[in-house]
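The following questions and answers go through a few parts of one protein model. Read each answer with the structure open.

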Amino acid sequence: MDLDAQGGNSRVFQRLGAQPANDTRQQKVCHHWRAGRCSRHPCPYLHRELPPPAPAGSNGNASKRGFSNDSGFSGPSGTRRSGNFSNSSSWGRVVNNKVSRKAEKVCNFWVQGKCSFGDKCRFLHSWSLGESFSLLTQLDGHKKVVTGIALPSGSDKLYTGSNDETVMVWDCQSGQCMGVIQLGGEVGCMINEGPWIFVGVPNVVKAWNTQTNTDLSLNGPVGQVYALVVGNDLLFAGTQDGQILAWRFNAVTFNFEPAASLTGHTVAVVSLVVGANRLYSGSMDHSIRVWNLETLQCVQTLKEHSSVVMSVLCWDQFLLSCSLDQTIKVWAATESGNLEVTYTHKEEHGLLTLCGMHDLEGKPVLLCSCNDNSVRLFDLPSFSERGKIYAKQEIRAIQTGPGGLFFTGDGTGQVRVWKCVAEPTAVA
């Protein structure tokens, strides 16, 4: 697999600005126009997308004092680079919104290799919709859903974990599978930190050092380990029984020693992220708990979501969270230091995984997996959609890599490798 190769989809988006002030047509988007086949002149409905609603309860001047500036994305799926947006009033503002004239659905006949309409088909003959990224290759081998992807530093190998109870090792140049590690339990999550790979399986966390070939087992978890994160020289694991266990590395013994157990969630902890000297934990109890990394005490409990908090992500001075309640919430700190929702983005489906990256121009992009088997790519902070990725089953794992690479793993066990590309320049 040559990770520097280019290729993939070149589907064209139409770029539309804001609605003219004198537009008297009904405030409803023409579904025939969305499908690229409206023949009415004039059409009584809009031939443009409506902007999203203004942030609920926000006056556009939310203060973030007390929430220290941890610029860039952070978390198991985030790459750190400095952000340059700090005004919460810009959340959800439509900027150069992009709309496709193709029906946003993959053609089932094309998937089966027997669509007779060709380029005239109203449905997509591609696994993606967008110009700013392309598919490089796909890696087939796992038999069940991919739940973790890791790229340890100093290694030319890609590691993928699955509910099929294996971790597969891939050569980054050839794309060939170099080995299969049998774990005897479903992989609930997997992250890398430096040369270390941490894998969460039932009742244990596996730790491998890819440079020294050290293989450790960290005991203590009860049930499946759903989330892992490293912060303040501690390894944290979110477990099925609602605990968050912490270990500290001992350089003398070259081992991880139990450091703390954080309790408060009533059911499983399924997402963790570290930022602004805080640990944030999302749970099946619908809450997010905020923990002080120095004292390991819970300093706030956030209860704005109405279903499982599937993923949390830090970006710039904000905390982002997504849930099966079909929302992404953006949190900012008030003058008192407590977090409050400054913007809510709504989708038609439950949301599974958040991942942050920067495109080749350094612009921040949010990738969000939905349980309709798609990933949506949004510009931040406007939440303008720049593209979609589709799969046969829902995508549970997203990971970023160097040079604009990112990886997705879906419910069929397939891993796809994508790369950001420069957006084409408009020709006058």
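Q: How many residues of S19 are buried?
A: This is a predicted model, in which local features need pLDDT of at least 70, side-chain atom pairs count only at pLDDT 80 or more, and totals for chains, interfaces and linings use all residues. Residues are numbered from 1 along each chain as its sequence is written, and side-chain values use heavy atoms, with hydrogens and water left out. Strands (E, at least two residues) are DSSP runs numbered from the N terminus, and buried means under 20% relative accessible area, with a 1.4 Å probe and protein chains only. S19 is mostly covered, and of its 6 residues the buried ones number 5.

Q: Which strand pairs with S19 over 5 bridges?
A: Two strands pair if DSSP finds at least two bridges between them. S18 pairs with S19 (residues 278–283) in the antiparallel sense over 6 bridges. The antiparallel pairing over 5 bridges joins S19 to the strand at residues 288–292, S20.

Q: Which residue in S20 stands opposite Leu279?
A: Leu279 belongs to S19, where it is the bridge partner of Val274. In S20, the residue opposite Leu279 is Trp291.

Q: Which residue takes a positive phi in the hairpin of S19 and S20?
A: The hairpin of S18 and S19 has 2 residues between the strands, and there Ala276 takes a positive phi near 55 degrees. The hairpin of S19 and S20 has 4 residues between the strands, and the positive phi, near 75 degrees, belongs to His286.

Q: Is His265 buried or exposed?
A: His265 lies in the loop between S17 (255–262) and S18 (269–275). Its relative accessibility is 7%, so His265 counts as buried.

Q: Which side chain joins that of His265 in a polar contact of 2.7 Å?
A: A polar contact is a pair of N or O atoms within 3.5 Å; within protein, one must be able to donate a hydrogen and the other to accept it, and residues adjacent in sequence count only if both atoms are side-chain atoms. The side chains of His265 and Asp285 form one of 3.0 Å. The polar contact of 2.7 Å joins the side chain of His265 to that of Ser281.

Q: Which residue has a side chain joined to that of Thr214 by a polar contact of 2.6 Å?
A: Thr214 is in strand S13 (residues 214–219). With a relative accessible area of 17%, Thr214 is buried. The polar contact of 2.6 Å joins the side chain of Thr214 to that of Thr212.

Notes:
Buried means under 20% relative accessible area, exposed over 50%, partly exposed in between (1.4 Å probe, protein chains only).
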